[in-house]
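The sequence and structure come first.

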Amino acid sequence: MPRFEPFAALRYAANDLSPLVAPPYDVLSDADLSELQARSPHNVVHVDVPRGGDDRYLRAAETFRRWRADRVLVPDSTPSLTIYRMSFVDASGARRDIAGVVGGLEVVDEGAGGVLPHERTTPKDSTDRLELTRATEANLSPVWGLSLATGLTRLLAESAEPLGCVAEDGVEHRLERVTDADRIAAVQELLAADDVLIADGHHRYGVSRAYRDEVRAATGRRDTPAELSLAFVSELVADQLSVDAIHRLYTGITPAQLAAALGRRFDLEPTSRPTAQTLSAMAADGFLVLVERNRAWKLTPKTGAFDGVRSLDGAWLEAALEGTVASVGYQHGLAETLAEVDAGRAAAAVVIRPVSVAEIERTAREGLLMPPKSTFFTPKLKTGFVIRPLGVVEGVG
């Protein structure tokens, strides 16, 4: 089972954290970055998402060093864990409260168990995050893990030392520091009782593994901070988690070819352009929606068409389009998906349903993997609340 350790976190010294924190790097557009940079010269994106040429990582590292020297960022005086709470109303109107804990999660070898992926990852260049990690010697953005052990929510129910609160986009983010040795030990003992499933941040965790291996090769040691990665871990419970779908965009194929391929396994029925109400009907009635620029089709699985295929929309689409020339892309959000089709950046899209929390747990328990981009966990964790230093390791970077 994975180790989960406290550490002396780096934190912003300012009381008002709103201008300083940011969403994860991989959901930010260029416009988002410009807006965040304009909020404050100390917004975390100046380090976490450096812009410019080949020297951008060195400049990010220098900025990070200067912030520490100027005490924009200050270290905890003692190792701690951080309780991170998010309160919000989800798309269905239900009130949700997520409680998790931020610490150092053990970096395990791929396939070794303990820390498990839940979906196949798409090919992605990891050079950016690895170069930034080498330059800054820090974990800037946390992985989101789901503990399969029961009881973490109960252990985190009692408040700890308040560190700040940020309310943005309908979500209240609250931070509390835990330094009590007995409480830290209780959290560690519970998390060591079962696996942790990666909900969000598969690539970040993979970069931590690559960096750990570099440090091992350079030092011959297995006791450095690189053995752990910054992680937020919450309990895998349905009443806390809000899981959205990531819809499919298709290129390299005409709408007619796509409809014909899907028609081998789905019944196609003309329908209106999908809305938020359509998403609710899809969940209740078990259909998907194919969207072209000027029309849409309800996709209902033919009887027996997916016998032997896992009951996941993403898996159904992979099976239905196997052997075709279609290239698949991914887009979260119905409005954003429709905009891609309307702009001609995709020949068509298929709007799919969210994966249930029960199916996510089954995936973990049975050692299975979902298709890529099966889940979109919301809300997104903020970067900048907690930064984990990795220390200076000679010969690395």
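How does the lining of the second largest pocket divide by class into nonpolar, polar and charged residues? The lining has 12 nonpolar, 7 polar and 4 charged residues; here Ala, Val, Leu, Ile, Met, Phe, Trp, Tyr, Cys and Pro count as nonpolar, Asp, Glu, Lys and Arg as charged, and the others, Gly among them, as polar.

The model is predicted, so local features need pLDDT of at least 70 and side-chain atom pairs pLDDT 80 or more, while totals for chains, interfaces and linings use all residues. Residues are numbered from 1 along each chain as its sequence is written, and side-chain values use heavy atoms, with hydrogens and water left out.

**Pockets**

A pocket is an open set of points on a 1 Å grid over the protein atoms alone, where a 1.4 Å probe fits, with protein on both sides within 12 Å along at least five of seven lines; lining residues have an atom within 4 Å of a point.

Two or more lining residues come from each of β13 (242-244) and α9 (276-285), where helices (H or I, at least four residues) and strands (E, at least two) are DSSP runs numbered from the N terminus. The most, 5 residues, are given by α9.

In the largest pocket, 48 residues form the lining, and D26, V27, H332, F376 and K380 lie nearest the centre. Helix α1 (residues 30-39) supplies the largest share, 4 residues. By class this lining holds 17 nonpolar, 14 polar and 17 charged residues.

K380 is found in the loop between β20 (376-378) and β21 (388-389). Its relative accessible area is 17%, so K380 counts as buried (under 20%, against over 50% for exposed and partly exposed in between; 1.4 Å probe, protein chains only). Its side chain makes a polar contact with the side chain of D200 at 2.7 Å; such a contact is a pair of N or O atoms within 3.5 Å, within protein one able to donate a hydrogen and the other to accept it, and residues adjacent in sequence count only if both atoms are side-chain atoms. The K380 side chain also reaches the backbone oxygen of F377 at 3.3 Å.

S272, in the loop between β15 (266-271) and α9, is exposed because its relative accessibility is 52%. S272 and A296 are 24 residues apart in sequence, and their C-alpha atoms are 6.0 Å apart in space.
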